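Welcome, and thanks for opening the viewer. Let's walk through this model stop by stop, selecting a few residues at a time.

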Amino acid sequence: MLSYIFMIAITAEAMSGALAAGRRNMDLFGVALIAFLTALGGGTVRDMLLGNFPVTWTQHPIYIYLTIGAGLLTMLIARFMHRLNRVFLLVDAMGLVAFTIIGCDVALRLDYPTPVVIMAGITTGIFGGILRDIMCNRTPQVLRHELYASVSFLVAILYLVMRAYGVNENLNLLVSFAFGLSMRLAAIKYQWSLPVFSYAEDQWED
């Protein structure tokens, strides 16, 4: 199940990257690059930080074809994309949970301690979006809007706790998915967010 959701998620993330590139009037190569980085950037950064070589997508060329193809396809159907906004939000939420769990699993297989496993999950979940926004010259969306990185953190905690208590793997996946998906969609609907730190030097001047 996780692998199928992963494929759907990287396709959706690639399309979101292509749309972001389009808003910045990028050319064909720019669209393909941003689509690729958005979809696979989180896993790439995770593998590099953990020393997990070769990097995952280099062993699965289908991921390259899928993400770049999805990005280029987006250019052709962009006029219809606004109608699919709710679908994108749902798939993105599913992708966040799937990427987080996959990231945790990779770190667990490499015998890293729990804090590193959690950070590996979060990195996999959010870093593609961070790379997309940096390349498009804007403040990363995952750090300034509704709960996103926080959902990834909570999913990683829940998944690891249930795993530590010996909960069946399929049940663990189901509960983690239901929890993460519900949290993310509720955050969007009710605009839940963490407190914002706003600093301006002149506000402290006498």
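Begin with the charged side chains: this predicted model has a count of four salt bridges.

**Stop 1: Arg46 and Asp47.** Select Arg46 and Asp47 and show their side chains. They form a salt bridge, and the closest N and O atoms are 2.9 Å apart. Is Arg46 buried or exposed? Arg46 counts as buried because its relative accessible area is 4%, under the 20% cut-off. Asp47 is buried as well, with a relative accessibility of 0%.

**Stop 2: Asp105 and Arg163.** Now select Asp105 and Arg163. This salt bridge has its closest N and O atoms 4.0 Å apart. Asp105 belongs to helix α4 and Arg163 to helix α6, so the pair ties together parts that lie 58 residues apart in sequence. Colour the two residues by accessibility if your viewer can do it. Asp105 is buried, at 17% relative accessible area, whereas Arg163 is partly exposed, at 40%.

**Stop 3: Asp133 and Arg138.** Next, pick Asp133 and Arg138. Their side chains meet in a salt bridge of 2.7 Å, N to O. With 0% relative accessibility, Asp133 counts as buried; Arg138, with a relative accessible area of 25%, is partly exposed. Arg132, Asp133 and Arg138 are linked in a network of salt bridges.

**Stop 4: the largest pocket.** Keep Arg132 highlighted, as it leads to the next stop. Which residues are the closest to the centre of the largest pocket? The pocket has a volume of about 1100 Å³, and 48 residues line it; the closest to its centre are Glu13, Ser16, Asp92, Arg132 and Tyr148. Select those five to find your way in.

Then colour the helices around the pocket. The elements that give two or more residues to the lining are α1 (2-23), α2 (28-50), α4 (85-109), α5 (114-135) and α7 (169-190). Helix α4 gives the largest share of the lining, with 11 residues. For a view by class, colour the lining by residue type: 21 residues are nonpolar, 16 are polar and 11 are charged.

Stop 5: Switch to a surface view and select Phe153, Leu154, Ile157, Val161, Tyr165 and Phe179. Together these residues make a nonpolar surface patch of about 550 Å². Where does the largest share of the patch come from? Helix α6, residues 149-164, supplies four residues, the largest share. Phe179, by contrast, sits in helix α7. With a relative accessible area of 30%, Phe179 is partly exposed.

**Stop 6: the start of the chain.** Finally, select Met1, in the segment before α1. Is Met1 buried or exposed? Met1 counts as exposed because its relative accessibility is 54%, over the 50% cut-off. To end the tour, draw a distance line from the C-alpha of Met1 to that of Ile118. The two residues are 117 apart in sequence, and in space their C-alpha atoms are 21 Å apart.

Methods: Residues numbered from 1 in each chain as written. Predicted model: local features only at pLDDT ≥ 70, side-chain atom pairs only at ≥ 80, totals over all residues. Heavy atoms only, no water. 1 Å grid on protein atoms, 1.4 Å probe; cavity = no way out; pocket = protein on both sides within 12 Å on 5 of 7 lines; lining within 4 Å. Points joined across faces, edges and corners; volume = space filled by probe spheres on them. Nonpolar A, V, L, I, M, F, W, Y, C, P; charged D, E, K, R; others polar. Patch = residues over 30% accessible without salt bridge, like charges linked within 9 Å, V, L, I, M, F, W, Y side chains within 5 Å. Areas by Shrake-Rupley, 256 points an atom, 1.4 Å probe, with all protein chains shown as cover. Buried < 20%, exposed > 50% of the residue type's maximum accessible area, 1.4 Å probe, protein only.
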